[in-house]
Amino acid sequence: MKEKAGMSGFLQSHPARFVFFALSALTVLWAVVNYPVMITLWRHGFDDGTYSHAYLIPFIFLYLLYVLANKGELTPRQAVFWPAVVSFIVLFIAYYFSIAAQLSLAVWVLSLALLANSFWLLVPFTAGLAYTVAFLLFMYPLWGALQFVLQHLSVFAVMKIMGFTGIPTYVENTSVLIPEGTFVIAGGCSGLRYFIVSLAIGSLFVFLNLRNKVSIAKFMTLAIVGALITNWIRIVALILIGHFSDMQSELMRDHNNFGWYIYAPFIILLFWYGEKLVKKEPAAERHSPEQGTGRFALRKPVVVTSVCFLILSSAALQLTLHADPAPLGQTCKGLSAIDAEVAPVLPYKGAVCVKEQRSQGYAFDTLSILFDGSDLDGKPTQYQVKSAPVEWQEINRITDGSWTIQLVSDGRHLHLFAHSFIAPGGKVASEGEMKKLRIENALRGERRSGLLWAHTVCDSNCNTLTRKWQLIADAFEYQKY
């Protein structure tokens with residue numbers, strides 16, 4: 001009888017389908033037991049901007065597992081593989097303390113490493129399986145570090161391209177000024193979203209179709225460079241449209257979708273070029289795994305070991321073990337008591353205490369927010385926390401003991417903002433010092449942290465307040481653990 005082809009035939013009769021089901025189920029279990037990490041991915045990875053492609057990544061991941069299983073590259077272990085057990089224990093310890101210290105980058109990377117290690121307990125690792133697990137990184141919000149570089153590269157490229165248009169153009173920092181108005185090449189205009197998507201679909205095409213190293217290099221170069229050029233064309237086109245429409249075109253307000261209109265034709269061109277490279281590839285070898293279940297049977301001790309280790313590494317379990325039932329302190333006025341224009345940005349829940357206080361003859365709005373560590377994003381160094389309005393101009397920033405002081409202008413007045421990071425056992429001025437303090441506290445099983453904040457309009461008295469800051473700060477009363 002002729003066997004069914006395609007995925008339906010694989011799921012019904014292929015001997016490797018049990019391995020595929022096992023790895024898929026293990027992935028679902030990993031996501032469930034590490035739901036606090038999944039929540040942070042949802043918050044920062046699945047949005048309408050840079051990481052909007054993240055919704056597709058899990059489905060592509062499952063498809064890649066199917067491809068590997070169908071090709072016979074996933075061979076189950078017949079006994080517990082002790083090097084993978086030792087590796088899992090090491091990763092678990094690192095993961096445990098990363099969660100306790102709320103080190104987001106380490107938590108994300110180590111969570112994925114634990115999934116990979118769980119697979120390693122079940123099947124020998126291959127290059128194909130390594131790529132399949134690594135593909136999940138495209139939904140992780142790890143790529144922001146490239147934004148600064150791509151943003152300034154875009155500014156440089158746009159400046160050069162505008163030189164050929166004949167339109168008077170002046171570039172200052174990330175602002176492009178033309179007679180009709182000013183365009184700001186912000187972080188969202190860096191081209192990072194096109195860069196990530198090109199890298200994802202480009203590497204996927206290579207994995208599925210190309211083996212020649214020269215062809216791979218050509219295809220990936222076109223994918224990456226084309227994504228950057230697409231973004232530069234988008235920015236220049238918007239500037240030209242603004243110039244000729246006197247800034248009245250609807251595209252000024254729909255510039256994100258406008259970029260995809262330009263990027264889509266590039267993707268068609270990229271795949272057309274990829275198909276030409278595929279035709280030069282040698283004929284692919286077809287894998288015909290033996291029928292029967294012996295070669296692909298999963299041994300119960302191997303499965304049980306992998307599942308048990310994965311459950312023990314649960315982020316949810318670790319957060320429960322680290323939970324601090326002690327109350328965070330007294331309740332004072334809420335954040336709404338501070339003028340919204342100057343209030344710090346505090347996106348995640350904590351115990352907030354706002355007071356109006358006087359020190360050395362000056363009036364200040366003061367605030368403390370304390371986090372109990374039950375939310376991986378609930379920390380004073382979370383990147384969305386802002387102590388001063390980002391749209392105002394920072395005149396000066398100094399460190400005085402455990403405080404960071406910012407002098408900021410709103411165009412009418414000069415404001416003094418000061419903040420300090422706190423945790424049991426210390427008070428520090430910088431994010432780097434705070435991370436070190438959290439790591440030290442994690443070794444003691446302590447994960448509470450907080451932020452102290454103060455603000456006043458100072459104008460001509462700013463330098464005096466800065467010189468007296470330690471005396472001023474020592475007189476403040478803040479909420480305590």
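Predicted model: local features only at pLDDT ≥ 70, side-chain atom pairs only at ≥ 80, totals over all residues.

Tutor: Arg43 has a relative accessible area of 32%, so it counts as partly exposed. Its partner in a salt bridge is Asp377, with the closest N and O atoms 2.8 Å apart. Arg43 sits in helix α3 (residues 35-45), while Asp377 belongs to the loop between β5 and β6 (393-400), so the contact ties together parts 334 residues apart in sequence. Asp377 has a relative accessibility of 2%, which is under the 20% cut-off, so this residue is buried.

The structure has seven salt bridges. Take Glu446 and Arg448, whose side chains meet at 2.9 Å, N to O. Glu446 is buried at 16% relative accessibility. Arg448 is buried too, with a relative accessible area of 16%. Another bridge links Lys71 and Glu73, at 3.3 Å from N to O. Lys71 is partly exposed, at 25% relative accessible area. Glu73 is partly exposed as well, at 23%.

Pro76 lies in the loop between α4 (57-70) and α5 (82-100). Its relative accessibility is 4%, so Pro76 is buried. Between the C-alpha atoms of Pro76 and Val236 there are 54 Å, and along the chain 160 residues. For scale, the C-alpha trace spans about 90 × 65 × 30 Å along its principal axes.

The protein comprises 16 helices and 10 strands. It has 481 residues, of which 48% count as buried.

Two helix pairs deserve a look. Helix α6 (residues 104-122) packs on helix α12 (residues 300-312) at an angle of about 165°, the axes being 8 Å apart. The two helices are therefore roughly antiparallel. The crossing of α6 past α12 is right-handed. In the other pair, helix α8 (residues 147-162) meets helix α10 (residues 213-244) at about 55°, with 10 Å between the axes. That angle makes α8 oblique to α10. Here, too, α8 passes α10 in a right-handed crossing.

Next, backbone geometry. Most residues other than glycine have a negative phi. Gln360 is not a glycine, yet its phi is positive, at about 55°. Gln360 is in the loop between β4 (351-359) and β5 (362-371). Its relative accessible area is 41%, so Gln360 is partly exposed. Asp459 also has a positive phi, about 50°, without being a glycine. Its place is the loop between β10 (449-457) and α15 (462-467). Asp459 is partly exposed, at 34% relative accessible area.

Last, the surface. Met7, Leu11, Phe18, Phe21, Tyr63 and Leu208 make up a nonpolar patch with about 500 Å² of accessible area together. Helices α1 (6-13) and α2 (17-33) are the elements that each give two or more residues to this patch. Leu11 is part of helix α1. With a relative accessible area of 33%, Leu11 is partly exposed.

Methods. Residues numbered from 1 in each chain as written. Heavy atoms only, no water. Patch = residues over 30% accessible without salt bridge, like charges linked within 9 Å, V, L, I, M, F, W, Y side chains within 5 Å. Areas by Shrake-Rupley, 256 points an atom, 1.4 Å probe, with all protein chains shown as cover. Salt bridge = Lys/Arg side-chain N within 4 Å of Asp/Glu carboxyl O. Helix = DSSP H or I, 4+ residues; strand = E, 2+ residues; numbered from the N terminus. Buried < 20%, exposed > 50% of the residue type's maximum accessible area, 1.4 Å probe, protein only. Axes fitted to C-alpha atoms, helices over the stretch in contact; angles between N-to-C directions. Parallel < 35°, antiparallel > 145°, perpendicular 65-115°, else oblique. Left-handed = near helix turned anticlockwise from the far one by under 90°.
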